[in-house]
Structure formats: structure tokens, C-alpha cells
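User: I would like to learn how to read the features of a protein model. Please take me through this one step by step.

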Amino acid sequence: MTDASGVAPAANLKINGERLWDSLMQMAQVGPGIAGGNNRQTLTDADAQGRALFQSWCEDAGMVMGLDRMGNMFMRHDGTDPDLDPVYIGSHLDTQPTGGKFDGVLGVLAGLEVVRSIRDLGIRTRRPIVVVNWTNEEGARFAPAMLASGVFAGVHTENYANARVDAEGKHFGDELDRIGWRGSEDVGGRPIHAMFEYHIEQGPILEAEGKDIGVVTHGQGLWWLEITLTGKDAHTGSTPMNMRVNAGLGMARIIEAVHQIAMDHQPGAVGAVGQMNVTPNSRNVIPGRAVFTVDFRSPDLDKLTAMRTRLETEAPAIAAELGLGISIEAVGHFDPVTFDPGLVGTVRAAAERLGYSHMDIISGAGHDACWINRIAPTVMIMCPCVDGLSHNEAEEISPEWAAAGADVLLHAVIEAAEVESESL
């Protein structure tokens, strides 16, 4: 796709910002966290409740639901030519265990608001519009992230997804069945003319630069590497220092190595360990086992590959020095993403037409759009978030920021969906 084929909408067309914000606040009441955010992890009862609320709102707006075997929800608003490939707007409703009210949710509910506004304004598009909630984007409960969109895009198989296990030993497939949100539709194969994903930045750049809109041109690539170190449980008080086989010490040294590897690949590279577990996790027992996940990211494929390669050399050397067993398993990966230049131009033009300040930006996080970009023209729009904070219950945006990005989304979507000029 090189450009949108519809008529550019008039600059005075905007979404109902108050209604969008009200929807966000109502959804935030489903699966509340303990500090003002949300804990609506994928395939939990709270996830099921959020899905049902979203479905009811969409059906009230005249949309019809499709549901596939991964639980992906497709809410369709027909165009004047329903046989044309639809324009999709998508993100996710699931959250981190201590997640915010806007990560993912903004993109889904802004998609709903686009359809509501189209109906209110009497706008007709030739192409249908489909608002999608992708299952298990976060990957907090079932790794990897972006799981169901990955199945849709052919990156993962259904069997692989169904076999994913959470920390309690529960399987993705069993939990999807339990909450009653497995559909009968085949996964993948839906025609997509274009897909838009609207998201909070999850970083500090837009706020620091005083920009209303981030036009996302690229996405960082990612490696998640799960490392398991095996040592020997022993008493912390009675085991001599030179006789210890300490998995916790090995983990600490590898975490330091991860940091140094990322620093050595500056600029445009990051690395950290955010998830870690030691066994037996007792205050007076030297850990005999440590399992932790390394997260490397970069928009430069060569840097991303080099960081993984270096870690896979240095980590075994650290383990060997301490007498530890080691295994390294890749549990998540995608290459850096270049979003569709034509759609990027459509988003940029919409921001300019509406008078919103904007800048090009690279997404530092993974998103469902990264997988869908493999099979259809895709683009992302971002709005600022306070202090760049996300994956935290204190995550915050303003109603004005939310509405500005949704206005840009409205304009870009109806142009891509070929708005009929006589309806404006």
C-alpha cells in the first residue's frame, strides 16, 4: 500500500472525546488493581467480563462479532460495499498484573469510538471497518507476548499457543475454554486492507518534546531469552563460601552482563532482566535454581543479533566459573518492523490537517501490529503518557491526549476505508 485511496475528510470531523474517556473509565472498573490501575490478565474471569462489556458496547453500535479459536474478537461495521477487504483497528484489553488503565485498552476503545462517531456523523465508507481485541498481547500470564495475533499471522501454531503454561501450570487452551471465549472461526485468513493500532507511547519522548501525536514509522525488534541456572541448595550459615554452587550469584552476574552488553551497543539498544525466580526462595537457603528472562531490544537487526550472540557466549562462561548448569531458551522474538510508508503518510497528513503537533517515533515496545505487519499494510499512532510510565498502575494520560490521537485515527481510518465524499 503506497497511499490511501479515499477522499481526505474535512478538518472539523472529530470523535466524541467525553464518550471515549467515559468508556475508558468504565472498562477500568473491570479487574481493578490495588493502586488505581488494573489486573485484568488474559483468560481470567476479569478478562471475560471486560470482553463481554466490549461486546455489548459494539453491538449497541450496530456491529456484529466474529470470534476465532484463539478468542480474538472481530467487531464488524459494514461499508457500502461489504465485499471489499475491511480496514482493521486493533489492540488488546488484557493487562499486566499491575497494569494501567490505558495500555492496549485505549486502542480498542478508540476503535469503537471511531465507529460510534462514524454513525453519529452520518459518514459512509465503501470498505467495512473491523475493531479487534487480540488475545494475550501482554504475555504476562502466558509467554510469549502477542500470542494470538502471532497465530493469526502464521508465526505460531494453534497447538503451540494452546500448550502455553502459566505459573500455576494452567494451559492457555484450557483457560480459554474455561472462560467461554473460544470461537469456531479459523484463525487467520481474514482479508485485511489495512490495520491501524493506536497506543500510548509507553515512553517519555512525546511528552518531553511537547508533541500531541507520535507517527510510528518503525518498531524495535526483540529477543526474550529464558535462562535456567542449576546449582545446589545449601544452608547459608554453615556452607563455606568456597564450597557453594550458588544459582543466585550466577543470576546476578549474568544480569550485570546483560546491562553491559546493552551499554556496549549504544545508541539504539536496550537490555534488562525483569522476571526472575529463585528456588527454594528461602532466606536461609542458598538458591539451587534460578530462572530468569533477558529482554533485549533494538530497531537495528544487526545489534539485536549481536547482543543475543554475545550473551550466549558470556552467560555459559559465568555459569562454568561458578560450577552451575545452564540452559538458554528463546521464548519470544520478532525482528525490527518497518510500518507501511503509505499509511504512515496518511497518519501524518491527518495530524497536520487537524492541527496537532506530531513527530516520527520508533516504538520501543512490541505490539500486535508488529505481527499483523507481516501479512497486511499496518501502522501505529501514539499519544503521550505522563513521565513515560507504563506497565504500572500509576500509568496516566489526559483526556485531551486520548482524544487527539483518536481524532487522527478517525481521519486516517475513514480515508483508508474510502469515505464517500457525498457523505461529508
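User: Where is the place of V258?

Analyst: Helices (H or I, at least four residues) and strands (E, at least two) are DSSP runs, numbered from the N terminus. V258 has its place in helix α8. This is a predicted model, in which local features need pLDDT of at least 70 and side-chain atom pairs count only at pLDDT 80 or more, while totals for chains, interfaces and linings use all residues. Residues are numbered from 1 along each chain as its sequence is written, and side-chain values use heavy atoms, with hydrogens and water left out.

User: Is V258 buried or exposed?

Analyst: Buried means under 20% relative accessible area, exposed means over 50%, and partly exposed is in between (1.4 Å probe, protein chains only). V258 has a relative accessibility of 1%, so V258 counts as buried.

User: Which residues does V258 touch?

Analyst: Contact means heavy atoms within 4.5 Å. Not counting residues up to four places away in sequence, V258 touches G271, A272, V273, V294, F296 and L311.

User: Which residues is T293 in contact with?

Analyst: T293 is found in strand β11, which covers residues 289–298. Leaving aside neighbours within four places in sequence, the contacts of T293 are W224, L225, E226, A272, V273, G274, Q275 and V331. The relative accessibility of T293 is 11%, so T293 counts as buried.

User: How many helices and strands are there in the chain?

Analyst: The chain has 12 helices and 15 strands. Its radius of gyration is 23 Å, close to the 22 Å that the globule rule gives for 424 residues, so the chain is as compact as a globular protein of that length. The radius is taken over C-alpha atoms, and the rule is 2.2 Å times the number of residues to the power 0.38. Along the principal axes, the C-alpha atoms fill a box of roughly 85 × 45 × 40 Å.

User: What share of the residues counts as buried, and how much area does the chain expose?

Analyst: Of the 424 residues, 56% count as buried. The chain exposes about 16500 Å², and carbon and sulfur atoms supply 49% of that area. Accessible areas come from the Shrake-Rupley method with a 1.4 Å probe, and for residues only the protein chains shown count as cover. Among contacts with a separation of 6 or more, 81% are between residues 24 or more positions apart.

User: Which peptide bonds are cis?

Analyst: Most residues other than glycine have a negative phi, and most peptide bonds are trans. Here the bond from Q266 to P267 is cis, with omega near -5°. P267 sits in the loop between α8 (247–264) and β9 (270–279). The bond from T279 to P280 is also cis, with omega near 10°, and P280 is placed in the loop between β9 and β10 (285–286).

User: Which residues other than glycine have a positive phi?

Analyst: L43 has a positive phi of about 65°, and H391 has a phi near 55°. L43 lies in the loop between α1 (17–28) and α2 (45–60), whereas H391 is found in the loop between β15 (378–383) and α12 (399–416). At 0% relative accessibility L43 counts as buried; H391, at 41%, is partly exposed.

User: How many aromatic pairs are there?

Analyst: A pair of aromatic rings is described by the distance of the centres and the angle of the planes. Rings of Phe, Tyr and Trp (its six-membered ring) pair if their centres lie within 6.5 Å; planes under 30 degrees apart count as stacked, over 60 as edge-to-face and the rest as tilted. By this rule the count is seven. One of them is F74 with W134, an edge-to-face pair with 5.8 Å centre to centre and 85° between the planes. This pair links distant parts of the chain, 60 residues apart: F74 is in strand β2 (residues 73–77) and W134 in the loop between β4 (129–133) and α4 (147–152). F74 and W134 are buried.

User: Which residues do ring pairs link into a cluster?

Analyst: The cluster consists of F74, Y88, W134 and F152.
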